Amino acid sequence: MSSVTTSETDRPEPHQVISVPDGYIRKLAYHPDGRRVVFCSDDGPIRVWNLEKREQEGTSMEHEDLSADRVAVTWDGTRIISGDENGKIRVWDVGSQEIVQEWSHRESFSRISVSPDDQLIAVNHRSNVFVYTMEGRQVYQSTIKVGKTFVWSISFSPGNDKLACGTRSEVYVYDVVNGTLILGPLKGHGDDVYQVLWSRNGSRLFSASDDRTIRCWSTDTGEQIGEPWTGHSDYIRSLSLSPDGSKLASASHDRTVRFWDTISGCPIITQPLEHGYRVYAVSFSPSGEFVASATSDRNIYLWRVPWLDPVESQKSHATRFNSILPDLSLDLDERQRIFEVRLRKVLDLATSKGFHVSRDLFPSSLPVCGRNAPSTAAERIADGDSNAMDASPIEPPTLVSGSNSNGDANEIRKVDKIKYNLVDMLREIVFKGSRGNDT
């Protein structure tokens, strides 16, 4: 991808600035509805900020000896995980800001990560990593021992079965279930690996280091893909992947946010997002239309991405919840499994908001629709017909039960689009209903 050139007069300006009374904001995440951000500073509590109303939602979530690096938001946006210096882990409800689960880890930890299916939590202590369920049960009694080093960053794979760990100069990948080493050490960085992040399909791994570079690795071979990505002049503290997985945003102490093409590693724009202070965190919005950044001047900046014109901005709303559907490059069984987990969460969320949604609308397994099949509710939904939600249940003509199916790839993608739009419509209903209940 060629870079987008911007002149000095076209230098991007923030769309919105949020001032926070506490210390440096080191943790920042968009909520999946795109209307809110969750953030935490070193000296203050966890807060939920409504971007439309430009005000905090509900009460602040306090935690003794809280560190912003020990905060994570679940992928469905309903829970916040936090930890304190004494190893106490709390699970908060985003809507009520109340504690719904709490347990004590036997040692203090400095990082926390949530699996994409929101079923597992990983925390670290020095060179060890521990994996828990959301209820506080340790997945296995032994720990993942990452050699004689310090773990700076941890990240679950899209399939929830692998865990990447960034250390003082290397990257390791472990099996989540039994803790065995799958890949690594991946060598190349010359300093602490502060961030690790998987591509949407899990085939690549991105790592950012205090050596001021970003590197891309093949998760099949462990080999580095291409040359290091250079451009930052100081420590890189945060990475965020766009909803479609094509772009990577990086935040640095050099006071900039930069954007990269995830395939070529080339900068997307020649003019980065410039700040007056060190940038600690960056997060893409669910639509891909905005990025939020947090700096050491106690501000959060909301930016419209430089490459998106107003027309494209309107189109992006239609793909707000693109991350709900598993990546199409995963095999059929894996896409089905991930989809079922995410769909169940959305349905449970709808029920909790007082909506009645017939589960008969959703296929229990992945259908392959024939090219000449009659126009069903599913096909109308694939074409964006929201009235089809009131139509009769889907009746898939053919069912594919395994990843070795001979189903036509285009037809499978069409059904994936149907599934995506079903979830998209349901989430829109839930979030609009929630917004209505607030007013």
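A salt bridge here is a side-chain nitrogen of Lys or Arg within 4 Å of a carboxyl oxygen of Asp or Glu. With that in hand, I looked up the total and found nine salt bridges in the structure.

Before going on, I noted that this is a predicted model, where local features need pLDDT of at least 70, side-chain atom pairs count only at pLDDT 80 or more, and totals for chains, interfaces and linings use all residues. Residues are numbered from 1 along each chain as its sequence is written, and side-chain values use heavy atoms, with hydrogens and water left out.

**Entry: Asp93 and Arg79.** I found their side chains in a salt bridge at 2.7 Å, N to O. The pair links distant parts of the chain, 14 residues apart: Asp93 sits in strand S8 (residues 88–93) and Arg79 in strand S7 (residues 79–84). Strands are DSSP runs of E with at least two residues, numbered from the N terminus. I read Asp93 as buried at 18% relative accessible area and Arg79 as partly exposed at 26%; buried means under 20%, exposed over 50%, partly exposed in between (1.4 Å probe, protein chains only).

**Entry: Asp33 and Arg35.** These side chains also meet in a salt bridge, at 3.5 Å, N to O. I see that both are buried. Asp33, Arg35, Arg36 and Glu57 are linked in a network of salt bridges.

**Entry: Asp161 and Lys162.** I looked up this salt bridge too, and its N to O distance is 3.3 Å. Asp161 is partly exposed at 34% relative accessible area, and Lys162 counts as partly exposed at 28%.

How values were computed:
Helices (H or I, at least four residues) and strands (E, at least two) are DSSP runs, numbered from the N terminus.
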